[in-house]
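Subject: Structure for you to look at

Hello,

Here is the structure I promised to pass on. My notes follow below it.

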Amino acid sequence: MPRSRYPSTPPEGTSPGVEVATPPPAPATNRVTFPRAASPDPAEADALARAQTGDHQAFAHLYSLHKRRIYSLCLRMVGNIAEAEDLTQEAFLQLHRKIATFRGDSAFSTWLHRLAINVVLMQLRKKGLSLISLDEAMEPVPEEGPGRSFGAPDLTLSGTIDRLALERAVADLPAGYRLIFILHDVEGYEHNEIASMLECSIGNSKSQLHKARLRLRDALRANSLPEAQS
Amino acid sequence: MTNDPAKMSCAEFQAQLPELIGAGVDASAHPHIVNCELCRALLADLETIAEAARQLLPVVDPPEDLWSHIESAIKSEDGDTNSSLAKAAPTTN
């Protein structure tokens, strides 16, 4: 039986998501090794063409090509394995419904990636993210004022950060901060794109990203120098 | 509050920092940073974190049985619309 807990949205136009105008803008490509900026390989292009005509095996092949990236994205954005699995399923279900509308205006991986982000955002909105975390992040919180990040020079990060420590710190971020950090610093979207996706101001996006990094800095310093907390 | 960047307090500088970084301005060249070790360290840390974020590209595979759930859901949907995956399998190349 299908396991998704999320209602589906009707396929409309060529947009991979319900909130985003068609076609979705390509995210920032300032990272030369970023996978979504690459042209699809011939095997993927062939599978895509066949999947668009209803070839189930071709769709399964597309799933195998993109499952890791989509699942990882969902997992990082929600920080919960069960939810990430449900959201991955919903993303590929939406892909199945809408794949025939893909016209190649952007790379397929970009289109699918944006579709998955929209699926996650829809779910987060249902949970009240935009009403809580985004607004909350704009409110000045005393302990998060500018002075909070003051610290003695010997408490600065060493210049290299352990990946697992960073993973843990990101997972512990409040949902709103985590979302902005993942979209900007990990996935490479620009603030104007994030503002459009999250329906917030560009300034809000910049502010939240900054606060997310400050929180990560505090967490990583605490992790690397536990004696400093005593 | 001062209009002279060189005479900014740390609080004033850090209040501007999100906009400076977000706008792609080289904050390390800001007059306040040149003379402030604390803010210089803060900026270095934030840059290190942003750089480290690139390590967080996809590394996790979904569970093996997820595809079977998706496949089941697809077949269920196709059944609802009186279509068949088995019928719609052209293999033109």
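From the N terminus on, the elements of chain A run α-α-α-α-α-α-α-α-α, that is, nine helices and zero strands. Helices (H or I, at least four residues) and strands (E, at least two) are DSSP runs, numbered from the N terminus.

This is a predicted model, in which local features need pLDDT of at least 70 and side-chain atom pairs count only at pLDDT 80 or more, while totals for chains, interfaces and linings use all residues. Residues are numbered from 1 along each chain as its sequence is written, and chains are lettered from A and ligands numbered from 1 in the order in which they are written.

Of the 230 residues in chain A, 43% are buried (20 or more other C-beta atoms within 10 Å of the residue's own, with C-beta atoms placed from the backbone; 12 or fewer is exposed, in between is partly exposed). Taking contacts in chain A between residues at least 6 apart in sequence, 74% join residues at least 24 apart; a contact is a pair of C-beta atoms, placed from the backbone, within 7 Å.

At least three core residues come from each of domain 1 (35–126) and domain 2 (129–143 + 155–225) of chain A; the bounds are from an automatic or database domain assignment.

I180(A) and F181(A) are among the buried residues of α7(A). In this helix (residues 175–186), eleven of twelve residues are buried. Leaving aside residues up to four places away in sequence, I180(A) touches I194(A), S205(A), Q208(A), L209(A) and A212(A). After α7(A) comes G188(A), with a positive phi near 85 degrees.

In α1 (residues 42–52) of chain A, the buried residues are A47(A), L48(A), R50(A) and A51(A); their cover includes α2 (56–78) and α4 (108–126) of chain A.

Between the chains, the axes of α9 (residues 202–224) of chain A and α3 (residues 37–52) of chain B come within 10 Å and cross at roughly 95 degrees. That makes α9(A) roughly perpendicular to α3(B) (65 to 115 degrees; under 35 is roughly parallel, over 145 roughly antiparallel, the rest oblique). Axes are lines fitted to C-alpha atoms, for helices over the stretch in contact, with angles from 0 to 180 degrees between N-to-C directions. R213(A), L216(A) and R217(A) meet D45(B), L46(B), I49(B) and A50(B) there.

Regards

Definitions and conventions
Contact = placed C-beta atoms within 7 Å.
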